[in-house]
Amino acid sequence: MRLVKTLIITAICMVPYLAMAPHSSAAESFPSKPVHVIVPFPPGGGVDIVVRAVAAELDKKWGQRVVVENKPGAASLIGADAVSHAPADGYTLLATINQTVTSNRFLFKNIPYDPDKSFAPISLMTRSDQILLANVNMPVSSLKELVSKASSVKSPFAYGSFGNGSQPHLLYELLKVEEGVDLTHVPYKGVVPALTALAGGEIQLGLGSANVAGALIKAGRIKPIAVAGEKRSEVYPDVPTTTEEGFPGLQASVWYALFAPAGTPAPIVDKISTDVASILKTPAFTEKHLTPRGLDLVAGGPEELAAEIQKDVKLTEAMVRAAGVKPE
């Protein structure tokens, strides 16, 4: 009888460990095949550049290929939807910007994924303030000059965005409301096409990070007129902020983050998060891929990313309401 009781007690005590074993084992052997990272924007954008650099390092660390695939369109809805329906095993990930899980919920009546429930946060990689940009032939060099000029021209200036509800759309619509100027919205399928149009003179205004816009600024094809934040850019220290210019409400920052489908085992999420953070924090990586592009290193884990989403949702909702943008 004692032997039977002992066996029963032992079996009961082993249950938690047996339940954990598959997940622990999966994390220890992960990855055992190629990992696919979906970027829901065209190639060459900020998050695309950074995640490709991270993927190259993960290749070495994991001994498995990390394949980056672009699935652009519909303000990141197409790519994000693809990941939301992928198996929750860590082999399909989403690398995107805040728009996917923050502003999209306010700007589309029907989105194919739940921004709060479809994804498991992995890593808050980087953050940076956006920069208001103008075609180099625009006769303005500051935000104040832009507002003054926009108030006097017969035909409204056109600004490019990467879709309804993207940060350029919200910021310039808010500028229209607050300053009473007329601007024309021209949406593109991504930040790179929008900035290419800006450089080519198809539009007069745009918004982008130092990461994406840097090459065109250096080439003298577009120019920065204000940093949409409270502190100046280390890359462009002579460019004033919107706060300094007297427009404190015009703020826009972009962060790059990594997600997995909801339900991905926590040990796998933690492993990916830890490995990505170790790469981002490597001084050589930071100096080569982040600092020159004006990106602030964060390398935050799942909890930090979840908190950032909650904070950003509140700020974005207020901006959407102030700009009077209605969901489509």
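The model is predicted, with local features needing pLDDT of at least 70, side-chain atom pairs counting only at pLDDT 80 or more, and totals for chains, interfaces and linings using all residues. Residues are numbered from 1 along each chain as its sequence is written, and side-chain values use heavy atoms, with hydrogens and water left out.

Q: What makes up the secondary structure of the protein?
A: Helices (H or I, at least four residues) and strands (E, at least two) are DSSP runs, numbered from the N terminus, and by that rule the protein has eleven helices and eleven strands. Its C-alpha trace spans about 95 × 40 × 30 Å along the principal axes.

Q: Why is the contact between Asp-296 and Lys-231 called a salt bridge?
A: A salt bridge is a side-chain nitrogen of Lys or Arg within 4 Å of a carboxyl oxygen of Asp or Glu, and the N to O distance of 3.7 Å for Asp-296 and Lys-231 meets that limit. The pair links distant parts of the chain, 65 residues apart, with Asp-296 in strand β11 (residues 296-300) and Lys-231 in the loop between β9 (222-227) and β10 (253-261). A search of the whole structure finds eleven salt bridges.

Q: Why is Asp-296 called partly exposed?
A: Buried means under 20% relative accessible area, exposed over 50%, and partly exposed in between, with a 1.4 Å probe and protein chains only. Asp-296 has 31% relative accessibility, so this residue counts as partly exposed.

Q: What separates Lys-271 from Asp-275 along helix α9?
A: These residues are four apart in helix α9 (residues 266-280), and therefore about one helical turn lies between them.

Q: Which residues are linked with Glu-308 in a network of salt bridges?
A: The network links Arg-127, Glu-308 and Lys-311. Within this group, the closest N and O atoms of Glu-308 and Lys-311 are 3.5 Å apart. Glu-308 and Lys-311 are three residues apart in helix α11 (residues 302-323), which means about one helical turn between them. Glu-308 is buried at 10% relative accessibility, while Lys-311 is partly exposed at 45%.

Q: What makes β2 and β11 edge strands?
A: The open sheet of six strands has the order β2-β1-β3-β10-β4-β11, with mixed pairing. Each of β2 (66-70) and β11 pairs on one side only, and these are the edge strands. The twist averages 20° from one strand to the next.

Q: How do you know that β1 and β2 pair?
A: Two strands pair if DSSP finds at least two bridges between them, and five bridges join strand β1 (residues 35-39) to β2, the two running parallel. One of the positions involved is Val-37, whose bridge partner in β2 is Val-68.

Q: Why is strand β5 described as largely enclosed by the rest of the structure?
A: Five of the five residues of strand β5 (residues 131-135) are buried, so the strand is largely enclosed by the rest of the structure. Ile-131, Leu-133 and Asn-135 point one way, and Leu-132 and Ala-134 the other way. In a regular strand the side chains alternate between the two faces of the sheet.

Q: Which strands are joined to β5 by bridges, and how do they run?
A: Four bridges join β5 to strand β8 (residues 205-208), running antiparallel, with Ile-131 opposite Gly-208. Five bridges join β5 to β9, also antiparallel, and here Ala-134 stands opposite Lys-223.

How values were computed
Axes are lines fitted to C-alpha atoms, for helices over the stretch in contact, and angles run from 0 to 180 degrees between N-to-C directions.
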